Amino acid sequence: MDPFFKQPSLVDWLTGAFTHHPLLRKSTTTADLAEIFADGAAWQNMDPKQVIYTVEVLDTSAAEGALFTGVTHLNPGKVGDEFFMTRGHYHARREQGEVYFGLRGKGLLLLQNEEGGATLETVSPGSVHIIPGFTAHRLINTGADILSALAVWPAIAGHDYAALGQGFSLRVKEIDHQVKVIRYD
Ligand code: PAN
Ligand code: ZN
């Protein structure tokens, strides 16, 4: 092969599957998500080993200025009447933003600022989501299939899972076969 050419990573836009690059992979199970869902009894009755979501991240430089690229695959399902979702986080470096791109499935991106103001964006194949700094973010799968989204974020951003305190102020549930958003103050 010509020495000037370097094999790039490939992502399958239809599934979010990466090839041609070392990957870091982390699965999050029901057991990992204690206290995240509103219905603690329903959570307790689930298989603790059930995978709720898997994140694959290209194993690239973590130097200041570098960007990480990863795909989240969030399974369909509910805990009680609440749709499966990611834990959600602020970035440890609060001012650092991120971009999400919807690849497959159907869901919502919940954004919440430090004043508690929350918004929801519809995630679908091709959707682009600009997450500003100082904004906590969580994916929610409201569909019947896997929700996959590609994300690009600064390597120095880090994750702060503890700072949400009371959690997000919105919950998304299925009530009477409809997607309902419930506000908790
Ligand atoms: C994403 C998230 C991924 C999993 O890569 O880390 O969707 O969500 P939790 O980290 O909240 O479990 C991202 O936002 N990175 O910054
Ligand atoms: Zn993030």
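This report describes the overall fold and the zinc site of a predicted protein model.

## Basis of the model

The model is predicted, with local features requiring pLDDT of at least 70 and side-chain atom pairs pLDDT 80 or more, while totals for chains, interfaces and linings use all residues. Residues are numbered from 1 along each chain as its sequence is written, chains are lettered from A and ligands numbered from 1 in the order in which they are written, and side-chain values use heavy atoms, without hydrogens and water.

## Overall architecture

The protein contains one helix and 15 strands; these are DSSP runs, of H or I with at least four residues for helices and of E with at least two for strands, numbered from the N terminus. Its C-alpha trace spans about 60 × 35 × 30 Å along the principal axes.

Of the 185 residues, 41% are buried, that is, under 20% relative accessible area with a 1.4 Å probe, protein chains only.

## The zinc site

His89 (NE2), His91 (NE2), Glu98 (OE) and His137 (NE2) coordinate the zinc ion (ligand 2) at 2.1 to 2.3 Å. Donors are N, O and S atoms within 2.8 Å of the metal (3.2 Å for Na, K and Ca), and water is not among the atoms. Along the chain, the donors follow the spacing H-x1-H-x6-E-x38-H. Because His91 lies in the loop between β7 (82-83) and β8 (98-104) and His137 in strand β12 (residues 135-141), the pair ties together parts that are 46 residues apart in sequence. Both His91 and His137 are buried.

Methods: Buried < 20%, exposed > 50% of the residue type's maximum accessible area, 1.4 Å probe, protein only.
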